[in-house]
Amino acid sequence: ATAFEGDVRFFPNVTVGRDLMLADLLERYDACILAVGLWTERMLTMPGSEHFQPAFAWLCRMALEPETLAGRDVAVLGGSDVAFDCARTAVRLNARSVQLICLESEAALLSAREDASLAKAEGVQIHASIIGRSVVEDHGRLRLDAEKVLSFHFNEYCQLCVELAENSACSFEADLFFCSNGLVFEETVLSGVEVERNSRGRILTDEDGRTSIPHLFAAGDMAAGPTRAVSAMAFGRRAAEAVHQFLTGQPAPQFIPETDASAASAPFFRERLPASVPFAEARAPLSPEQAAREAAACLSCTDCTAQPSEI
């Protein structure tokens, strides 16, 4: 099916790499932008990792058909937003206990500091600077054998290098282990196309999204890696402007709406809702007037649209 909106044609329910190939699109069009995002979960690899459940897929299921975790102990591996969402969702599904185990120190968690404090307030136990070594099933329960980490970094080949604390072996038991180890893009989108990629598998681009194929551009998380939504939007805008110049030889026209200069700093009220209500919003949404004001401020703001994405 095809839908029309002005000069834009939409083709919904189409998967590139399955329903049509990127190579065919590159032959048919003068320029293409890839902005498919990150959708495939990257699981940890260790002995017994087949016992892990992917956190993001579980969250999607629970949003549609929540099920009770009453009487079950839950552990979440990871320190990302998804990991904290998973842990706090398990609390709302009445898990008997919830632990979050992460490689990062608590001060360096990828998730917002507020997530950690709210999770603790809801009863989540956070075990930071821990690396898992193996998972063992024992009488229907799962045990993660692990060690304490003093520091870690990734080398030029994106291999994890850790400094372990001496005699720091430890273990964690649970009925369910969820793994939140990041997301990668679906490889099938690049079937039949050779484009330069970095050691993490992301598509290499310049700050405007140009790839090693002259008329192929990439934007968002598949090129920059996981970033804020606003950074991905800014990346997409720069890529669109680069395509305009590539096709016409002229800089893209700039549209900066006139807005109230005070709008960007105007405070808005976000009431905290009671945590006792299962799946209530953590904070109340903006009113229509507040949302319109914030959106107008974003369109006229150059803090992100004028700067390179967080690559």
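Residues are classed by relative accessible area as buried (under 20%), exposed (over 50%) or partly exposed (in between), with a 1.4 Å probe and protein chains only. The structure is a predicted model, in which local features need pLDDT of at least 70 and side-chain atom pairs count only at pLDDT 80 or more, whereas totals for chains, interfaces and linings use all residues. Residues are numbered from 1 along each chain as its sequence is written, and side-chain values use heavy atoms, with hydrogens and water left out.

Helices (H or I, at least four residues) and strands (E, at least two) are DSSP runs, numbered from the N terminus, and two strands are taken to pair if DSSP finds at least two bridges between them. Val-74 is placed opposite Val-98 of β7.

The expected span of a helix is 1.5 Å times one less than its number of residues. For the twelve residues of α3 this gives 16 Å, in agreement with the 16 Å separating its end C-alpha atoms. The buried residues of α3 are Ala-83, Phe-84, Cys-86, Ala-87, Arg-88, Thr-89, Ala-90 and Arg-92. Just after the helix, Asn-94 adopts a positive phi of about 70 degrees.

Salt bridges, defined by a side-chain nitrogen of Lys or Arg within 4 Å of a carboxyl oxygen of Asp or Glu, number 16. One of them joins Asp-115 to Arg-88, with the closest N and O atoms 3.9 Å apart. Because Asp-115 belongs to helix α4 (residues 113–121) and Arg-88 to helix α3, this pair ties together parts 27 residues apart in sequence. Both Asp-115 and Arg-88 are buried. A salt bridge also forms between the side chains of Glu-122 and Arg-92 (2.8 Å, N to O). Glu-122 lies in the loop between α4 and β8 and Arg-92 in α3, so the parts tied together are 30 residues apart in sequence. Arg-92 is buried, at a relative accessible area of 16%.

The side chains of Arg-197 and Glu-187 form a further salt bridge (2.7 Å, N to O). Both residues lie in the loop between β14 (183–184) and β15 (216–218), so this pair ties together parts ten residues apart in sequence. Arg-197 is partly exposed at 31% relative accessibility, and Glu-187 is partly exposed at 44%. A network of salt bridges links Asp-73, Arg-96, Arg-141, Glu-173 and Asp-175.

With a disulfide defined as a pair of cysteine sulfur atoms within 2.5 Å, the count is zero. Cys-32 is buried at a relative accessible area of 12%, and Cys-102 is buried at 1%.

His-153, in strand β10 (residues 141–154), is partly exposed, with a relative accessible area of 47%. Leaving aside neighbours within four places in sequence, His-153 contacts Gln-159, Leu-160 and Cys-161. The C-alpha atoms of His-153 and Glu-163, ten residues apart along the chain, are separated by 9.0 Å.

How values were computed:
Contact means heavy atoms within 4.5 Å.
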